[in-house]
Amino acid sequence: MTIRFKHITVSFLAMLLLFTGCEESYDCSIENVAYNKMGFYCVSDDNVESKYKYPEALTVSLMVNGNDSIVVNHITDTDNLRLPMSYTSNCDTVVFHYEGDYTDTIYVEHENIPFYISMECGTVMYHKVTGLKCTNSFIDSAVIANENVKFDYNENIKVYFID
Amino acid sequence: MKTLRYILLISILLTPIAVHADNKGKEAGKEKSFISELLSFNGIGVSADVFGLAYSMLEDYTSYEFAVEANLGNRLYPIVEIGMGWCDATDETRGIKYKTSAPYYRVGFNYNLLTRRDKPNPKNYVYALARFGWSSFKYDIDAPAISDPVWGGEVPLILNDIDGSCSWAEIGIGIKVKIAKGFHMGWTVRYKARLSEKEGDNSRMWYVPGFGINKSTCFGGTYNLIYEIPLKKNRNK
């Protein structure tokens, strides 16, 4: 076996070894709904932002196209929410029900983006948050943290409570 | 890790050249230089890939291509490949249809690994190859309406003439065998790495002409019939 032939053989085998397992496969998301991720925050007097766990029982309902539905019922000490968004409406109404019949409402304006991923993963619905309005019983303000609502773990909306 | 992979692959491809250059250095003055060998124009070859004909019977997508290559010193073969890719696929489970047809282009070279000084023009040889490919095209998607699982209602998803483009790099290995005077046949196995892609507002490309299924990397192959037009008499046929 000549040195050249050995060299070619070794090169070819090395290439095969390197390529084996290199091919990417489709990893379709396990989830089929892109949730609007909300995080709760508060700002101290010296302007330091920190996560805020709402200490009392909190019930959250969503109103879409005139239909009202409770999505979170009497949870305590939570600092985040994952809320489904409407595919056909451009504004979801999120109502926070506190103890003592107090409420706050957040209006989430959004675009709906039907998206084709691949033959293997099919189609999904993404959303883009375009605007926010809120009332101020216990909530100070709400801001868009990441406008793109997809299958990731990024927070989309930051809700600042009055501390 | 990805960068390391590319460095290793490039190293493997360049090693034969380096070895040759080293050996040549030792024989300097006895024969013409490696560079002048590569500047020796020995002819051109035209080839057609017939792998697509067989592949079209197995899959919903295929491609056909032609290539023109130049023979430089029976060692380096700069090559241009022009092809046409088709896809008309339907996912029976989901009822999604994807359709496109467009040309694609590749430029690169083959490097003959078996050329020796005592036998500079072997009839059959193994070669390493490298290519840069690209395609710009339009595609159609016809998918069932997306249902809202929480609130109800449906949103249609029918997209036509979506602009897509992709560029990629290929490296691989091939074999070329003489079957008659001037005629060769051979095959190549190629590892393809996507370099760039254009994502639509409502879709990703699924099939890219010339590249295949749109993943970051994939394998491909060709089966070629080649006719060489000699422009210069070769030594040691």
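**Ground rules.** I number residues from 1 along each chain as its sequence is written, with chains lettered from A and ligands numbered from 1 in the order in which they are written. As the model is predicted, local features need pLDDT of at least 70 and side-chain atom pairs count only at pLDDT 80 or more, while totals for chains, interfaces and linings use all residues.

**Chain A, overview.** I started by listing elements, where helices (H or I, at least four residues) and strands (E, at least two) are DSSP runs numbered from the N terminus. I then looked up burial: a residue is buried if 20 or more other C-beta atoms, placed from the backbone, lie within 10 Å of its own. In chain A, 21% of the 163 residues are buried. For contacts I took two residues whose C-beta atoms, placed from the backbone, lie within 7 Å. Of the chain A contacts between residues at least 6 apart in sequence, 48% join residues at least 24 apart.

**Chain A, the sheet.** Which strands form the open sheet? I found six, in the order E4-E3-E6-E7-E8-E10, with antiparallel pairing; two strands count as paired if DSSP finds at least two bridges between them. Its edges are E4 (67-75) and E10 (148-149), each pairing on one side only. I followed E7 (residues 103-118) to E8 (residues 122-134) and found 12 bridges. One of the residue pairs there is Glu111(A) with Lys128(A).

**Chain B, around E1.** Strand E1 (residues 41-49) of chain B pairs antiparallel with E2 (residues 61-72) over eight bridges, and Val46(B) sits opposite Val68(B). E1(B) also runs antiparallel to E10 (residues 217-230) of chain B, joined by seven bridges; there Ala48(B) has Leu225(B) as its bridge partner.

**Cores.** Next I checked nonpolar cores, meaning sets of buried Ala, Val, Leu, Ile, Met, Phe, Trp, Tyr and Cys residues joined through C-beta atoms within 7 Å. The largest has 42 residues, and those touching the most other members are Leu83(A), Tyr98(B), Tyr139(B), Ile141(B), Met205(B) and Tyr207(B). Strand E5 (residues 125-147) of chain B gives the most to this core, five residues. What does Met205(B) touch, leaving out residues up to four places away in sequence? I noted Tyr139(B), Gly164(B), Cys166(B), Glu197(B) and Asn214(B).

Definitions and conventions
A residue is buried if 20 or more other C-beta atoms lie within 10 Å of its own, exposed if 12 or fewer, and partly exposed in between; C-beta atoms are placed from the backbone.
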